[in-house]
Amino acid sequence: MNAVTSSATSSGTVPRRPATRPAGPGGGLAPRGGGPARVSRRGQARTGWLFASPALLTIAAVTVFPVLFSVLLSFADVRLEYGGFRLSSLTGDHYAAVLSSPEWRHALLFTFGFTVVTVLLELVLGTAAALVLERLGAARGGVLAVLLLPWALINVVAAQLWGYLYNGTYGGLTWLFEQILGSQPDILGQPASAMGAMVVVDVWKTTPFVAIVVLAGLMLIPGDVYEAAEIDGAGAWTTFWQVTLPQLRPIMAIAVLFRILQAFGIFDLPFVLTQGGPGTATESLAILGYKTLFQNLDIGRGAAVATTTAVIVIGCCLLFLRVFRTQADEGGRA
């Protein structure tokens, strides 16, 4: 041992210690490269996919397959036969007929206008309600419960309730207008008033959803941000525009995105209130697709209406997310 030490010292080199490896599970040296850990991760991944496969198969069966089959029907020449239908050939005539149809263009304009007006009103009113709820103390729970009642109602039930109020013979709102104006208006019988009535119902029912989402965002804003704004001498209006609103942008974007998806596919409200009338004044894209598919039994054209609606909704959502991401990036750089 002394000879080895002296020779190593005389040669100017220090002897290396043998490399050690951590002990494995059985007390021996663990193999290099993390083999067991990698195998364990792969096993866990396979187990995860195995447990998730029933849910994935269910989603594919009830969502993916109907969507793909609807797209196929929109391109197919569908012929109704005894006991079912038959797909004979692929064609794009359904889309040409739909896009050139004045009914489709009117339904698109109505749906787009309804979506823009209702989403803007619900965003403004929901934000105002959330700001009021944030400042309430012990009474917040009771007010919040009352506010959630319209949103908790089923859409068909809410539409039927407002249908009674709008009824031209015994409706409560009709009687009220008669007492104020001296005449009995037909609210659902005129195009302009029918559109306004639908906007009122949708805003009444869905504003609580926006208020709850915005209220959750308000509760997450740190208090020191407001303290800093107060120290800088910012007033209430300046604090809202410069502090509160920028902090609420992400959560408001989520609320707006959900509302665009719901409003653009509106079906139950016009179906119960007006059946798309008077005439086609309140006929949305969903109502048009329903009438084309189930009343006219034009399967291919009805599927084309549904597919074009889905494409428009996806495009609007992607555009909205792109604009929001651009604004967020500019705000972060500023």
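**Close-up views of a predicted helical model**

Arg-259 is buried, with 3% relative accessible area; buried means under 20%, exposed over 50%, and partly exposed in between, using a 1.4 Å probe and protein chains only. This is a predicted model: local features need pLDDT of at least 70, side-chain atom pairs count only at pLDDT 80 or more, and totals for chains, interfaces and linings use all residues. Residues are numbered from 1 along each chain as its sequence is written, and side-chain values use heavy atoms, with hydrogens and water left out.

**View 1. Overview of the protein.** The protein has 13 helices and 2 strands. Helices (H or I, at least four residues) and strands (E, at least two) are DSSP runs, numbered from the N terminus. Of the 334 residues, 30% are buried. Accessible areas come from the Shrake-Rupley method with a 1.4 Å probe; for residues, only the protein chains shown count as cover. Among contacts with a separation of 6 or more, 62% join residues 24 or more positions apart. Contact means heavy atoms within 4.5 Å.

**View 2. Arg-259 and its surroundings.** Arg-259 sits in helix α10 (residues 236–264). Leaving aside neighbours within four places in sequence, Arg-259 touches Thr-118, Val-119, Glu-122, Asp-202, Thr-206, Phe-209 and Val-210. A polar contact of 2.8 Å joins the side chains of Arg-259 and Asp-202. Such a contact is a pair of N or O atoms within 3.5 Å; within protein, one must be able to donate a hydrogen and the other to accept it, and residues adjacent in sequence count only if both atoms are side-chain atoms.

View 3. Side chains of opposite charge can pair when their charged atoms come close. The structure holds 4 salt bridges, each a side-chain nitrogen of Lys or Arg within 4 Å of a carboxyl oxygen of Asp or Glu. Arg-259 pairs with Glu-122, with the closest N and O atoms 2.6 Å apart. Arg-259 lies in helix α10 and Glu-122 in helix α4, so this pair ties together parts 137 residues apart in sequence. Both Arg-259 and Glu-122 are buried. Arg-259 also forms a salt bridge with Asp-202, the closest N and O atoms being 2.8 Å apart. Asp-202 belongs to helix α8 (residues 191–219) and Arg-259 to helix α10, so the pair ties together parts that are 57 residues apart in sequence. Asp-202 is buried, as is Arg-259.

**View 4. The Glu-283 and Lys-291 pair.** The side chains of Glu-283 and Lys-291 meet in a salt bridge of 3.1 Å, N to O. Glu-283 and Lys-291 are both buried.

View 5. Val-117 is part of helix α4 (residues 102–135). Val-117 counts as partly exposed, at 39% relative accessibility. Val-117 and Ala-263 are 146 residues apart in sequence, and their C-alpha atoms are 10.0 Å apart in space.

**View 6. Aromatic pairs.** A pair of aromatic rings is described by the distance of the centres and the angle of the planes. Rings of Phe, Tyr and Trp (its six-membered ring) pair if their centres lie within 6.5 Å; planes under 30 degrees apart count as stacked, over 60 as edge-to-face and the rest as tilted. The count comes to 14 aromatic pairs. Trp-162 and Tyr-166 form a tilted pair, 5.6 Å centre to centre with 40 degrees between the planes. Both lie in helix α6 (residues 155–166), 4 residues apart, about one turn of the helix. Trp-162 is buried at 12% relative accessibility, and Tyr-166 is buried at 5%. The rings of Trp-237 and Phe-240 have centres 6.3 Å apart and planes at 35 degrees, so this pair is tilted too. Trp-237 and Phe-240 are 3 residues apart in helix α10, about one helical turn. Trp-237 is exposed at 62%, whereas Phe-240 is buried at 18%. Elsewhere, Phe-267, Phe-271, Tyr-290 and Phe-294 form one aromatic cluster.

**View 7. A nonpolar surface patch.** Phe-65, Phe-69, Leu-72, Phe-75, Leu-80, Phe-85, Leu-87, Leu-90 and Leu-297 form the patch, with about 860 Å² of accessible area together. Patches are made of residues with over 30% relative accessible area and no salt bridge: like charges are joined within 9 Å, nonpolar side chains (Val, Leu, Ile, Met, Phe, Trp, Tyr) within 5 Å. Helix α2 (35–75) and strand β2 (84–90) each supply at least two of the residues. The most come from α2, with 4 residues. Leu-87 lies in strand β2 and is partly exposed, with 36% relative accessible area.
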